[in-house]
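Dear colleague,

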Amino acid sequence: TSSSILKSLMIAKEELELHAIRTGHSHMYLCILKEQKLLDLVPVSGNTVVDVGQDEATACSLLKEMALKIHELVGARMHHLSVCQWEVKLKLVSDGPASGSWRVVTTNVTGHTCTVDIYREVEDTESQKLVYHSTALSSGPLHGVALNTSYQPLSVIDLKRCSARNNKTTYCYDFPLTFEAAVQKSWSNISSENNQCYVKATELVFAEKNGSWGTPIIAMQRAAGLNDIGMVAWILDMSTPEFPSGRQIIVIANDITFRAGSFGPREDAFFETVTNLACEKKLPLIYLAANSGARIGIADEVKSCFRVGWTDDSSPERGFGYIYMTDEDHDRISSSVIAHKMQLDSGEIRWVIDSVVGKEDGLGVENIHGSAAIASAYSRAYEETFTLTFVTGRTVGIGAYLARLGIRCIQRIDQPIILTGFSALNKLLGREVYSSHMQLGGPKIMATNGVVHLTVPDDLEGVSNILRWLSYVPANIGGPLPITKSLDPIDRPVAYIPENTCDPRAAISGIDDSQGKWLGGMFDKDSFVETFEGWAKTVVTGRAKLGGIPVGVIAVETQTMMQLVPADPGQPDSHERSVPRAGQVWFPDSATKTAQAMLDFNREGLPLFILANWRGFSGGQRDLFEGILQAGSTIVENLRTYNQPAFVYIPKAAELRGGAWVVIDSKINPDRIECYAERTAKGNVLEPQGLIEIKFRSEELKECMGRLDPDLIDLKARLQGANGSLSDGESLQKSIEARKKQLLPLYTQIAVRFAELHDTSLRMAAKGVIRKVVDWEDSRSFFYKRLRRRLSEDVLAKEIRGVIGEKFPHKSAIELIKKWYLASESAAAGSTDWDDDDAFVAWRENPENYKEYIKELRAQRVSQL
């Protein structure tokens with residue numbers, strides 16, 4: 001009971017300090033403190049006021065910590081009840097300056113962010129009233145306000161927040177706060193001495209008040225909610241664990257409270273200009289989608305005054321002939337219509353409306369015209385910079401296309417991505433088929449068809465995943481990778497050992513064994529973020545880190561996976577189907593997923609690791625019809641154009657055969673791709689069972705038996721020495737056939753084993769199709785060193801090409817580097833060679849080793865101009 005808790009804690013008063021605080025919902029929370037640090041917060045009853053410190057700074061710090069703890073307990077419930085701010089009054093008893101009445105005001109406008117303002121109750125000398133007085137450590141908005149002042153009604157911003165909350169999303173101007181909370185969360189997840197994180201938001205606005213197409217944008221600080229279009233944008237400067245000194249991103253968001261977040265001409269013009277800015281500065285562009293698609297409208301000024309020309313004025317039910325305006329109305333709003341003049345026999349003048357233009361821009365086709373422009377701009381931005389769309393609210397029409405054109409997409413599990421609303425589709429179909437938007441574009445659809453990479457439960461989790469994604473991306477596209485210090489030792493062995501089959505996720509990030517012990521995989525612990533998890537499950541794709549270096553990873557599922565094909569309510573005869581997908585086989589969807597992942601990784605500048613374990617492509621009639629050839633060809637094309645180091649590794653208990661080998665072989669892109677295999681890995685054109693059907697048939701097996709089996713050799717010798725005896729010859733022939741039949745299963749196994757000996761990694765290395773056999777336990781440290789080496793080569797090659805010109809081939813740049821390296825003093829002394837990765841990295845990290853060569857190249861370049 002509460003009293004027993006208090007009693008037991010009071011006995012320990014010498015070690016613990018207690019303080020009870022009422023939250024306003026008749027709940028009392030007991031703060032348990034030790035050495036001025038908050039240990040716990042438990043609900044109790046009664047009124048207990050205990051000393052929390054002597055000085056004001058300590059009390060202020062503890063009160064803030066208490067408020068944050070209370071927010072953890074009741075914040076989500078408060079937000080659900082539409083309570084975004086609560087105030088707690090308490091009295092501290094102390095012998096020092098902390099004694100007296102305090103007010104703690106906690107603000108939670110997004111449901112995920114928390115701002116705490118702490119005040120003292122002091123008497124104003126002029127008004128003789130008690131007022132809120134900010135402490136030295138905190139300056140709040142209520143500073144100087146009288147305690148008996150009535151609470152203000154909801155402000156314009158509060159009303160907009162309510163409107164956004166009714167649409168199940170966050171008000172766009174509160175997203176910078178959400179980014180700040182997510183950045184703080186990312187810092188709290190690591191052990192770092194420098195955790196002074198910050199987020200500074202500078203809004204982007206049109207340079208002119210009525211800006212539209214072609215109007216430049218400027219950065220400025222202004223209050224929230226002053227936008228006059230349904231689109232807002234910021235440049236966010238934030239400190240992250242990967243960039244402690246700060247990095248910049250551009251965020252653009254729909255304002256769902258402005259005309260339902262629809263796209264009109266000015267919104268389109270603003271979106272295009274911001275997108276072009278991101279491409280120009282090579283900054284990541286994050287689009288927060290919550291909209292109703294292209295704006296639809298009607299000319300209200302014409303609607304309120306048009307007239308109808310009836311076929312028979314006395315009988316309107318007989319129909320009408322045209323819509324017109326009077327001469328007076330036409331004079332007033334002639335610019336809103338295209339009309340021709342008609343004069344009746346009575347002398348009345350009518351202006352028959354041929355078209356309604358409207359005085360307001362953004363009523364119809366001009367919105368579609370603008371939608372095409374932003375679709376083109378966002379598609380181009382995917383190629384020129386990093387684009388990511390977070391569907392934080394429903395996104396419709398052009399909004400849905402933008403989510404796809406930006407390729408990378410995160411979707412909230414309760415928000416749909418649709419082209420048309422369900423009610424409009426029902427009218428089109430003539431019956432009530434669909435009952436919600438989620439049926440059309442919820443995560444069950446979009447997360448399983450390749451549109452959505454990740455799904456999240458709420459906006460804070462969505463923004464946190466945006467920041468985690470950005471942790472693999474350079475600050476400026478084309479710049480150096482964000483390499484961090486790995487907490488996972490790079491020289492540890494790979495502890496997860498595949499037995500019969502290789503679990504792809506365990507091979508990548510490790511797994512816990514039956515005793516709860518973590519068995520590490522190839523890549524850093526807790527660094528793997530899987531994308532496209534719900535789509536084409538026979539292939540696993542995502543981003544990980546190897547020794548703190550971001551990489552893209554593609555691996556293969558070995559188990560048979562079930563593909564769920566949902567029923568379409570629009571087709572009465574359709575039903576939900578589960579289609580089995582065999583592991584280690586490329587199907588049209590999994591091949592497309594592989595190619596898409598390669599494209600994304602290349603755009604992001606990530607080195608590529610393929611843990612290859614394919615038996616081939618599925619080539620059935622349906623697969624060919626669904627485009628397996630096209631998807632496989634796209635894999636080749638995306639590897640051919642890959643501009644980062646790429647490693648193909650056949651891991652332990654894995655195999656690579658036939659067409660699957662063809663599309664990822666190093667010959668596709670010799671400058672970038674290196675192939676390796678584990679000692680037990682296998683690879684060939686066909687599997688052994690298929691090979692012997694062609695190259696070791698029954699007759700050849702029988703010949704082999706006759707050559708190796710002593711009994712058959714003896715029987716054949718006796719048959720030849722039978723001297724023409726018919727009965728002896730028939731008996732010996734039957735014995736020979738019986739012996740062959742008896743040996744056939746065994747020699748089939750021998751043939752399979754013989755064929756398997758053609759599949760070994762040692763033969764791969766001997767034939768030069770792989771560079772080296774790499775043991776599974778040593779693969780982590782080996783590939784880390786090799787990756788550092790390849791990245792070092794690329795950095796220097798990029799510098800050389802920057803001097804000579806981009807037309808200078810990458811291969812030629814590497815050959816030039818090799819020449820310089822082998823001519824260095826260390827190579828001449830025989831202490832290193834070209835294949836020593838550690839020595840090369842050390843050589844490249846000292847610019848003095850090649851500074852003179854770079855100067856010589858610059859001089860040659862200048863002389864050629």
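This is a predicted model: local features need pLDDT of at least 70, side-chain atom pairs count only at pLDDT 80 or more; totals for chains, interfaces and linings use all residues.

Helices α15 and α17 are roughly parallel to each other. The axes of α15 (residues 588-603) and α17 (residues 628-640) come within 8 Å and cross at roughly 20°; angles under 35 degrees count as roughly parallel. The crossing in which α15 passes α17 is left-handed. On the α15 side, the contact is formed by Pro-588, Ala-591, Thr-592, Thr-594, Ala-595, Gln-596, Met-598 and Leu-599. They meet Ile-628, Ala-631, Gly-632, Thr-634, Ile-635, Asn-638 and Leu-639 of α17. Sorted by class, this contact of α15 with α17 holds 9 nonpolar and 6 polar residues, and no charged residues.

The α5 residues in contact include Pro-265, Asp-268, Phe-271 and Glu-272, and among their counterparts in α8 are Glu-366, Asn-367, Ile-374, Tyr-378 and Arg-380. The contact of α5 with α8 has 8 nonpolar, 5 polar and 5 charged residues.

Turning to the strands, there is an open sheet of 8 strands with mixed pairing, in the order β9-β8-β10-β11-β12-β17-β19-β21. Its edges are β9 (217-220) and β21 (454-456); each has a single partner strand, so one side of each is left without a neighbour in the sheet. On average, neighbouring strands of this sheet are turned by 25° against each other, direction ignored.

Helix α13 (residues 459-470) lies across β10 (231-238), β11 (247-254), β12 (285-289), β17 (387-391), β19 and β21. Its direction is at about 170° to β17.

As for the overall division, the protein comprises domain 1 (1-152), domain 2 (168-296 + 364-466), domain 3 (300-356), domain 4 (491-678), domain 5 (688-772) and domain 6 (781-864). The C-alpha centres of domain 2 and domain 6 lie 42 Å apart.

With kind regards

Key: Residues are numbered from 1 along each chain as its sequence is written. Side-chain values use heavy atoms; hydrogens and water are left out. Domain bounds come from an automatic or database domain assignment. Contact means heavy atoms within 4.5 Å. Helices (H or I, at least four residues) and strands (E, at least two) are DSSP runs, numbered from the N terminus. Ala, Val, Leu, Ile, Met, Phe, Trp, Tyr, Cys and Pro count as nonpolar, Asp, Glu, Lys and Arg as charged, and the others, Gly among them, as polar. Two strands pair if DSSP finds at least two bridges between them. Axes are lines fitted to C-alpha atoms, for helices over the stretch in contact, and angles run from 0 to 180 degrees between N-to-C directions. Angles under 35 degrees count as roughly parallel, over 145 as roughly antiparallel, 65 to 115 as roughly perpendicular and the rest as oblique. A crossing is left-handed if the near helix is turned anticlockwise from the far one by less than a right angle, and right-handed if clockwise.
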